[in-house]
Number of protein chains: 2
Amino acid sequence: MPPDRPYHHGDLRQAVLAAAVDALTESGPARLSLRDLARRAGVSHAAPAHHFGDKAGLLTAVAAEGYNLLADTLTAAQQRTADFLDVGVAYVRFAVDHRAHFEVMFRPDLYHPDDPAVAAARQRAADALYGGVRSVTATRRGPDIPLAGIAAWSLVHGFATLWLNHALPPGLGDDPQAAARAVAAIMFRTP
Amino acid sequence: MPPDRPYHHGDLRQAVLAAAVDALTESGPARLSLRDLARRAGVSHAAPAHHFGDKAGLLTAVAAEGYNLLADTLTAAQQRTADFLDVGVAYVRFAVDHRAHFEVMFRPDLYHPDDPAVAAARQRAADALYGGVRSVTATRRGPDIPLAGIAAWSLVHGFATLWLNHALPPGLGDDPQAAARAVAAIMFRTP
DNA sequence: CCGGGAATCTAGGCATTGACAAGTTGGGCC
DNA sequence: GGCCCAACTTGTCAATGCCTAGATTCCCGG
């Protein structure tokens, strides 16, 4: 009796990657299991490792995909508006909408941070982010390092992290974008 | 031949907790192993579970200890100065100096966030943090939720997280406190 | 002094996991 | 048609978390 599925999956790499994002969204990186992903994709327990080397290799691919998604999100937000506040809100929205990617990206101990693909994707995202920041710092005279950009990034990144971990006090409502806008406005629009 | 060590360890709970902090500092939460902690403490592989129930129970204790340490740090910083900038810098210093605790505290999926001990400790830290924030918001009229406090917390929390994950661009130097002070000053001291 | 219950710790086992090695299948290229 | 190689399977091993049963020691009341 031949199995229902063909011997070759066809696009197992993408299937495992998608399954990984699903599993990460459900349970977080701590409970991620290569064997579970293999079961979800309907392949043998060692098939995923063939495409990604090991667990860290899989998470490297997730991180690279995440950085590329973030770069796309930030550039799109920038082209839509000149207000950096909106770019910051887009950053928070990315974190909430792509929680799985976000949680992996900023945990370099889980993957291979020096991988060329992930390094290139991270650079794309950094360029997009600092490009958006430039509008804030353009009017000021400062050192090489755009401290205002670091501050803005820290603010939205910290807000996103705290929001995802349910560390923020209740009363901010349940709309992360609106809350992020209100909080970020305190820094970006000082009278 | 009797074993060198007595049957009862004496203070195994504290020993395992300390070993856990060491292991977390070395390798992070992902590679933490109860059996490794047992080996470090020189006890059988199941002894730690007796004191903490399971792995999540151990991390609950780590988180509680961390929140208490943070509360101590913040209250001490507040009594030393009236400038909230220093409290923010103290927050970053805590994250860098107690990386193991910090990384567990803000990952509630790793432990039991509703545990009474950890909830009480978290409340202590929150009180200390918002007490320090009050000096910033006192002059402003605002809603119940101190948005400026959330913004300040987000800023220092995000900076600490990005610093720990080596996500910040080079050129900030290697002193996290000095860098944090420079970055936070952009928000806290707007002309 | 001592007896028994309770707390602490040991020993063994089971299911799951990540990683590795070796074999099998099938598509594409000459 | 035949061959090569990537894709996938099967089997195995050490390590881990958690569970249960049992051994040892402490403590406290009499």
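This is a predicted model: local features need pLDDT of at least 70, side-chain atom pairs count only at pLDDT 80 or more; totals for chains, interfaces and linings use all residues.
1. Residues are numbered from 1 along each chain as its sequence is written, chains are lettered from A in the order in which they are written, and side-chain values use heavy atoms, leaving out hydrogens and water.

2. How are the rings of B:Tyr67 and B:Phe106 placed? Their centres are 6.0 Å apart with the planes at 65°, so this pair is edge-to-face. Rings of Phe, Tyr and Trp (its six-membered ring) pair if their centres lie within 6.5 Å; planes under 30 degrees apart are stacked, over 60 edge-to-face, and the rest tilted. B:Tyr67 sits in helix α4 (residues 55-80) of chain B and B:Phe106 in the loop between α6 (99-105) and α7 (116-137) of chain B, so the pair ties together parts that are 39 residues apart in sequence. Both B:Tyr67 and B:Phe106 are buried.

3. Over all chains, the count comes to 12 aromatic pairs. One of them is A:Phe102 with A:Phe106, a tilted pair at 5.2 Å centre to centre and 55° between the planes. These two residues also belong to one aromatic cluster with A:Tyr67 and A:Tyr91.

4. On helix packing in chain B: the axes of α1 (residues 12-27) and α2 (residues 34-41) of chain B come within 9 Å and cross at roughly 120°. Axes here are lines fitted to C-alpha atoms over the stretch in contact, with angles from 0 to 180 degrees between N-to-C directions.

5. Chain A has 9 helices and 0 strands, both taken from DSSP runs (helices H or I, at least four residues; strands E, at least two). Buried residues make up 48% of its 191 residues.

6. The interface takes 35 residues from chain B and 35 residues from chain A. The area buried between them is about 2,900 Å², with carbon and sulfur atoms giving 74%; that is the accessible area (1.4 Å probe) the two parts lose on being put together, summed over both. B:Leu147, B:Leu162 and B:Ile186 supply 17% of what chain B buries against chain A, more than any other three residues.

Technical notes
Buried means under 20% relative accessible area, exposed over 50%, partly exposed in between (1.4 Å probe, protein chains only). Contact means heavy atoms within 4.5 Å.
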